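I have put my comments in numbered points, so please read them with the model open beside you.

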Amino acid sequence: MIELPEELIFYIFTFLNFKNRDFIKIRNVCSLFKSLMDKPITVDCYPHLTQESFTSFSVSYNQHMNYLKQLKEEAEREFDITYLNMLTENGWV
């Protein structure tokens, strides 16, 4: 693990589940991983990402993706209800 380049380590750990206890164990055991995850980063042209840790950035990204998933499920549910109402109002069902 120590011999891997930092970019590859970032790429690998991007796909970890931050809600899993294994993530916390890896963070406590591997000092290299902990230092990389706590290292402040800044990405130009990305809102609200100035001197934020990679852990914080990854967690906020996962929260955003979960929010988009919930919006999509709610929109599909509303579409189904509207579609069924239209069919029954016009006597097509």
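This is a predicted model: local features need pLDDT of at least 70, side-chain atom pairs count only at pLDDT 80 or more; totals for chains, interfaces and linings use all residues.

1. The mean pLDDT of the chain is 81, with 90% of the residues reaching 70 or more. Among the elements, the lowest mean pLDDT, 75, belongs to helix 2 (residues 21–29), while helix 4 (residues 54–89) has the highest, 89.

2. Helix 4 has 36 residues, which at 1.5 Å a residue should span 52 Å, and this agrees with the 52 Å found between its end C-alpha atoms. After helix 4 comes G91, which has a positive phi, near 70 degrees.

3. Which residues of helix 4 are buried? They are F54, T55, S58 and L87, and the elements that cover them include helix 1, helix 2, helix 3, strand 1 (40–41) and strand 2 (52–53).

4. F54, which lies in helix 4, counts as buried because its relative accessibility is 10%, and buried means under 20%. Leaving aside neighbours within four places in sequence, F54 is in contact with F10, T14, L36, M37, K39 and I41. Between F54 and L8 there are 46 residues of separation in sequence, and their C-alpha atoms are 14 Å apart in space.

5. F54 also belongs to the largest nonpolar core, whose eight residues are I9, F13, F23, C30, F33, L36, M37 and F54. Helix 1 (6–14) and helix 3 (31–38) are the elements that give two or more residues to this core, and helix 3 gives the most, with three.

Key. Residues are numbered from 1 along each chain as its sequence is written. Side-chain values use heavy atoms; hydrogens and water are left out. pLDDT is the predictor's confidence in each residue, from 0 to 100. Helices (H or I, at least four residues) and strands (E, at least two) are DSSP runs, numbered from the N terminus. Buried means under 20% relative accessible area, exposed over 50%, partly exposed in between (1.4 Å probe, protein chains only). Contact means heavy atoms within 4.5 Å. A nonpolar core is a set of buried Ala, Val, Leu, Ile, Met, Phe, Trp, Tyr and Cys residues joined through side-chain atoms within 4.5 Å. The expected span of a helix is 1.5 Å times one less than its number of residues.
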